[in-house]
Amino acid sequence: TMSVKAFELVPAVERDLLMGDKARINIECIECCGKHLYLGTNDCFIHHFLLDEVTSSKGKLSYSAQKLLHKYLGLKKPVTELRAASALERLIVLCDGFVFLVDMVTLETVPSAAGGGAKIRGVTAFCINENPVNGDPFCVEMGVLSSKRRTVQIFMVYEDRVQLVKEVNTPEQPCAVCLDGYFLCLALTTQYMILNYNTGASQDLFPYNSEERPIVKRIGREEFLLAAPGGLGMFANAEGASQRAPVNWSESVMGAAVCFPYVVALDESFITIHSMLDQQLKQTLSFRDGHILQDFEGKVMLASTKAVYVLVPLPLEKQIQDLLANHRVEEALVLTEGAQRNIPKDKFQILHKRILQQAGFIQFGLLQFQEAKEYFRKGHLDVRELISLYPLLLPASSSFTRCHPPLHEFADLYHLAQGDQEKVLRCKQFLISYLGEVRSTEVANGCREDVDTALLKLYAEQDQDRLLELLSSSNACLLADSVPWLEKYHKYFALGLLYHYNRQDATALQLWIRVADGDLQDSTRSDLYEYIVNFLCSCSCLDLVWKYADWALQKDPARGVSIFTKRSCAKDQPQLNPDDVIEYLGRHSRALLLYLEHLVLEKKTQKEKYHTHLAVLYLEKVLSLLSASPPDEEQLSRARERLQGMLRGSDLYRVQYLLGKMEDCEQLLLERATLHGKLEEYDKALQILVHKLRDFRSAEAFCTWAASGRDPSYQERLFHQLLGVYLTGNETAEGGGGSGDLKMAAVDLLNRHGEVFDAARVLQLLPEEWSLQLLRPFLARAVRASMHASRTSQIALGLSRSEHLQMLHDRLKERKKPIFVSEKKGCHLCHNTFSEPDVVCLPGAVPVHIGCVARRAINPTAASLGPLI
């Protein structure tokens with residue numbers, strides 16, 4: 001079974017090279033130091049080979065072995081263990097219970113400095129300390145298990161001697177040992193333990209089945225791999241704790257090694273490879289008759305009884321790519337991140353980014369968009385890699401080319417979807433979402449035009465509202481690429497916005513007007529006419545305003561005139577001259593009227609010509625309605641109200657000019673009366689209102705209007721004048737046998753506005769024969785007003801007298817006080833000192849020279865200091 005191909009088994013030393021025709025020779029142990037391979041056999045020989053790596057043209061690795069030497073050790077027993085001490089150029093050999101030194105080159109036994117061999121007797125196993133505590137580079141530390149004593153002995157191995165430095169007792173007879181620094185990891189008779197030979201501290205780990213072969217393997221600094229019950233490979237550190245989850249290998253494991261991030265184990269029939277990162281079985285290789293598995297400086301080697309093999313790891317990138325090809329994204333990422341410590345930082349960052357990007361495209365192909373987006377974000381994907389999957393989305397001018405080797409297997413979106421339109425739609429919706437998120441981030445740096453243009457094309461096809469939002473805000477859409485796309489989908493309004501953003505307002509307006517006129521079909525805005533008008537209101541190019549205002553006015557004068565009436569008054573906005581606007585609107589009478597109303601009634605422009613022009617237009621409208629046959633009474637009434645309101649409300653128009661225009665029109669007597677009032681020709685105005693129109697209420701309203709803002713005496717004079725007209729007209733009417741309308745009008749006037757009149761003067765004017773009963777309300781009000789005025793004046797007089805009395809009292813008090821004058825005291829007016837006692841005293845007992853007071857009286861502009869006492 002193979003879930004990922006992490007290793008290949010490559011022959012290193014073939015059977016024939018080792019033993020020729022000697023069938024009984026078996027390999028007992030192996031040691032590798034660089035290119036040098038040493039084999040210990042059952043016939044007490046050491047064989048020395050030189051291994052060369054050979055890489056084929058296709059990148060396949062093989063080994064070429066050359067036999068250099070073999071040497072018989074003379075003990076007639078199998079060579080149990082070999083360990084190289086390269087700094088000493090020695091091999092440490094265990095054979096027949098003896099540990100001794102052999103020269104690495106000649107394979108000759110090394111005599112001790114004192115004569116004889118440098119040997120240790122009664123040894124069952126030994127190990128080298130790969131994390132030595134002794135600082136001497138020409139000395140190797142070694143842990144030794146004795147066959148007769150429950151001890152571990154620590155030796156120092158030199159070039160020609162061995163020296164015992166420590167002996168540590170153990171609770172049971174140890175059978176396997178590993179050494180790291182001061183820490184011994186031991187397999188006792190029934191359990192594993194950690195022992196610090198410097199402090200004596202120990203930590204029991206867990207038991208194991210004594211019928212099985214224990215495994216104690218140092219895999220890193222103060223970390224060990226052990227074979228635990230139940231077919232588990234357990235990790236333990238120097239404190240006895242496990243910081244990694246165990247791997248589940250077989251019950252009959254004979255050897256184990258670590259080639260990060262994998263744990264390699266050997267049993268009777270197979271080599272199993274587990275990941276230390278997720279503890280999963282990654283690869284299984286068939287390997288029969290194997291009995292040795294060891295790693296030498298990262299090189300994992302295996303041996304059967306007859307041959308030696310190297311377990312060659314495949315390049316990490318190939319392993320990862322194999323996982324990705326099988327869509328095993330999580331495993332690929334775990335492997336990548338787990339291998340970080342073995343890869344240079346810069347190379348790892350490049351590799352990690354690429355793997356994340358590939359993982360993103362795998363998830364994208366599975367329509368797992370949320371996961372894909374997260375991988376793209378973590379992998380800092382060039383967003384154009386994604387856009388390029390969608391045909392025609394990248395601008396024609398884009399210089400982007402896809403990554404090589406490619407990050408995915410898809411030619412384009414349609415290849416991915418295989419004709420499934422729902423998949424295509426979902427992918428497009430994802431791209432819209434993703435581009436919308438990244439367009440304003442650093443992800444889009446350097447490719448903002450490509451991103452925004454792609455978004456525009458997607459929005460044009462699917463999302464009109466967001467298309468308008470994009471084009472109404474800051475964007476980098478390429479005009480040349482966007483125009484045909486927007487035209488294809490009939491998004492002419494949006495195209496106008498794009499022209500406007502690119503400072504081509506004339507083209508935008510032409511396009512919008514064609515849509516508004518029905519030449520082009522685009523239902524984006526039902527209020528496109530109003531939009532164009534508002535656009536012209538704020539348009540900074542006055543030439544365009546003049547050019548297209550005529551179109552707007554012809555279509556709807558009332559709404560079109562707002563181009564001029566609603567124009568912004570901002571400082572940075574060029575303004576239109578009202579005189580130019582009025583001249584331009586000359587052929588649009590309705591719009592002209594509305595513009596003048598805007599100037600006069602809304603902006604309160606104080607210019608005679610605008611007021612006169614508006615009044616004339618009102619008048620001409622009224623005259624036009626009067627000339628109709630029959631006239632529209634409702635329209636006429638509204639037109640006259642506007643005219644009358646203008647005549648009464650404005651003081652700037654040319655009154656005589658308007659009077660001349662309506663002089664012969666007997667239907668506009670009320671308006672003529674108003675104009676006479678503006679000229680203060682009140683007698684003419686009242687004659688029209690009273691005698692021609694017989695409109696007494698309007699006559700009273702006229703007096704109130706004409707006197708508004710004036711003093712009470714002016715109002716009194718006007719009302720007396722109206723009363724005089726009533727009374728004079730009444731006498732004339734009686735002489736001619738007329739009715740008493742004017743008499744009743746006079747009575748009503750007095751009774752309603754009695755407070756305005758001088759009652760005594762009115763009584764002198766009224767005819768003797770008039771009944772007092774008619775004038776009762778007027779007289780009652782006049783009497784009350786007279787009494788009120790009398791009593792008010794009496795109160796005021798009393799208050800004045802009281803104030804005068806108080807002033808006299810204060811004056812007397814001041815006169816009784818002494819006034820001190822001396823030569824050291826100065827005059828308050830001239831600031832000179834006094835030379836004589838004659839002075840005048842100001843309030844507050846302030847003495848001044850008599851001459852100074854006299855000068856002040858002559859020059860009244862001098863500052864007043866109050867009355868003299």
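Trainee: Which way does H25 pass H27, in a right-handed or a left-handed crossing?
Mentor: Right-handed. Keep in mind that this is a predicted model.

Trainee: Is His753 buried or exposed?
Mentor: Buried, at a relative accessible area of 18%. The cut-off for buried is under 20%, which is why His753 gets that label.

Trainee: And what does His753 touch?
Mentor: Leaving aside residues up to four places away in sequence, His753 touches Glu700, Phe719 and Arg781.

Trainee: Changing topic: which residues of helix H2 are buried?
Mentor: In H2 (residues 316-325), those are Leu316, Gln319, Ile320, Leu323 and Leu324. They sit on the same side of H2, because the arc they cover around the axis is only 135°.

Trainee: Why would that spacing in sequence put residues on one side?
Mentor: An α-helix has 3.6 residues a turn, so residues three or four places apart point the same way.

Trainee: What covers the buried residues of H2?
Mentor: The cover includes strand E22 (262-266), helix H3 (329-338) and helix H4 (345-365).

Trainee: How do H2 and H3 pack?
Mentor: Their axes are 8 Å apart and the angle is about 165°. That makes H2 roughly antiparallel to H3. From H2, the contact uses Leu316, Gln319, Ile320, Leu323 and Leu324; from H3, it uses Val329, Glu331, Ala332, Leu335 and Thr336. The crossing of H2 past H3 is left-handed.

Trainee: On to strands. How many residues of E14 are buried?
Mentor: Five of the five in strand E14 (residues 183-187), so E14 is largely enclosed by the rest of the structure. Both faces are covered, with Phe183, Cys185 and Ala187 buried on one side and Leu184 and Leu186 on the other.

Trainee: What does E14 pair with on the E13 side?
Mentor: Strand E13 (residues 176-180) runs antiparallel to E14, and five bridges join them. Val177 has Leu186 of E14 as its bridge partner. The hairpin of E13 and E14 has two residues between the strands, and in it Gly181 takes a positive phi near 65°.

Trainee: And how is E14 joined to E15?
Mentor: Again antiparallel, by five bridges, with E15 spanning residues 191-196. Cys185 stands opposite Ile194 in E15, and the hairpin joins E14 to E15 through three residues.

Trainee: Last one: what's the strand order in the open sheet of four strands?
Mentor: E17-E18-E19-E20, with antiparallel pairing. Strands E17 (216-220) and E20 (247-248) are the edges, each pairing on one side only. Four bridges join E17 to E18 (residues 223-228), where Lys217 stands opposite Leu225.

Note on methods. Residues numbered from 1 in each chain as written. Predicted model: local features only at pLDDT ≥ 70, side-chain atom pairs only at ≥ 80, totals over all residues. Heavy atoms only, no water. Pairing = 2+ DSSP bridges. Buried < 20%, exposed > 50% of the residue type's maximum accessible area, 1.4 Å probe, protein only. Contact = heavy atoms within 4.5 Å. Arc of directions from axis to C-beta. Axes fitted to C-alpha atoms, helices over the stretch in contact; angles between N-to-C directions. Parallel < 35°, antiparallel > 145°, perpendicular 65-115°, else oblique. Left-handed = near helix turned anticlockwise from the far one by under 90°.
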